[in-house]
Amino acid sequence: MARRLLGADSATVFNIQEPEEETTNNQEIESPHASVGSPLDGQKEYKVSSCEQRLISEIEYRLERSPVDESGDEVQYGDEPVENGVAPFFEVKLKHYKIFEGMPVTFTCRVAGNPKPKIYWFKDGKQISPKSEHYIIQRDLGGTCSLQTIASTLDDDGNYTIMAANPQGRISCTGRLMVQAVNQRGRSPRSPSGHPHVRRPRSRSRESGDEHEPIQERFFRPHFVQAPGDLTVQEGKLCRMDCKVSGLPTPDLSWQLDGKPIRPDSAHKMLVRENGVHSLIIEPVTSRDAGIYTCTATNRAGQNSFSLELVVAAKEAHKPPVFVEKLQNTGVADGYPVRLEGRVSGVPPPQIFWKKENESLTQSTDRVSMHQDNHGYICLLIQGATKEDAGWYTVSAKNEAGIVSCTARLDVYISQH
């Protein structure tokens, strides 16, 4: 059931709790609106577990907040507001059924609202086309909606959700369909004498010494709720692959690179956070780390996996800083502005540091400011030079490949008036 809710190949449920005997008294459909089938048709109503109900609630929550394909809508809304508008609501909801493969089944409910709601059907979270040849979708003037399949297959096992929508809101409800194989455990829907059987085919479960003791084990195949896509990381940097997996019992995860297992070492770490997110961390990334990564989650119910490609970009060739134009000794009359300027290159672009004598100039002020652009131009601008500004100035350029410095003298002359 979890596979149907959370996506293809995501989960498998075994061992639905079942008593040894089942009677028609508590299996008959109570509501006349629940289905056109009857217990004699093989369409048995049953109650889902709290775990299954939580998964159903999750899919309804997502569907009510997701866009839908409206290409087949027969109901159209105008721009005029509707007086006394009422959001859709269910007068009769879908029920849950258990049948054998090859038998018909019909889900039926009744919905109301103003204006008349649009109706959408989904199986396992995927919208069912109104033109589907496998399902018969109907709706009458009284608001009764039905979805029917004439001959069910094992692929029909899953969760069927109907969503009603109008400008006042959306609402949905879900019916669970369990399709049992005809010859499961060597049994068939009817005994050789042709009479209906009264013992339900037993699902795979833990062996018990007491045949009348209901024992329940539920196994959910792993399903990746979160998985990363292809990555491109620069050589020497950190790479992190995060994923989140669900399943019962808790799945074990393993990682492979091009089909070969990845073992934890000083550069490869595998972590699990408290919120259930598994991470493969590679630091530093090298060209040997490039390739196809596969993460496989395994538990007793089965396994699931995802793959991604990691591309490692070549490390940028580093070049130490070089002064293309050096600072020049400069003289200026007091009270006038002056620039100490030059040009520097380097890969990656270097950081620039200024000093006057042995004192670092760390911040620009209204009078003394430092400038640089993306083309390597650097400048120290002094507005209204004074005799205290005279002295030796040094500029340094530094990057990962090296450091270089350049020094020039500034003289400030006293103006003669």
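This is a predicted model: local features need pLDDT of at least 70, side-chain atom pairs count only at pLDDT 80 or more; totals for chains, interfaces and linings use all residues.
## A pair of charged residues in a helix

With a relative accessibility of 43%, R62 counts as partly exposed, a class that lies between buried (under 20% relative accessible area) and exposed (over 50%), using a 1.4 Å probe and protein chains only. E58 is partly exposed as well, at 31%. R62 and E58 form a salt bridge, with their closest N and O atoms 2.7 Å apart. That term stands for a side-chain nitrogen of Lys or Arg within 4 Å of a carboxyl oxygen of Asp or Glu.

Why are R62 and E58 separated by about one helical turn? The reason is that they sit 4 residues apart in helix α2, which covers residues 50-63.

Residues are numbered from 1 along each chain as its sequence is written, and side-chain values use heavy atoms, with hydrogens and water left out.

## The whole chain

Let's step back for a moment. The chain contains 2 helices and 28 strands; these are DSSP runs numbered from the N terminus, with helices (H or I) having at least four residues and strands (E) at least two. Out of 417 residues, 41% are buried.

Contacts, meaning heavy atoms within 4.5 Å, tell us about the fold too. Among those in the chain with a separation of 6 or more, 66% involve residues 24 or more positions apart.

## More salt bridges

How many salt bridges does the structure hold? There are 10. One of them joins the side chains of R65 and E64, at 4.0 Å from N to O. Here R65 is exposed, at 53% relative accessibility, whereas E64 is partly exposed, at 25%.

Another salt bridge links K123 and D124, at 2.7 Å from N to O, and both of these residues are buried. R240, D242 and R273 are connected in a network of salt bridges.

## A buried threonine in a strand

T294 belongs to strand β18, residues 291-299. Is T294 buried or exposed? Its relative accessibility is 18%, so T294 counts as buried.

Beyond its neighbours within four places in sequence, T294 is in contact with several residues, including W255, F306 and S307. The side chains of T294 and S307 also lie 3.0 Å apart in a polar contact.

Key:
A polar contact is a pair of N or O atoms within 3.5 Å; within protein, one must be able to donate a hydrogen and the other to accept it, and residues adjacent in sequence count only if both atoms are side-chain atoms.
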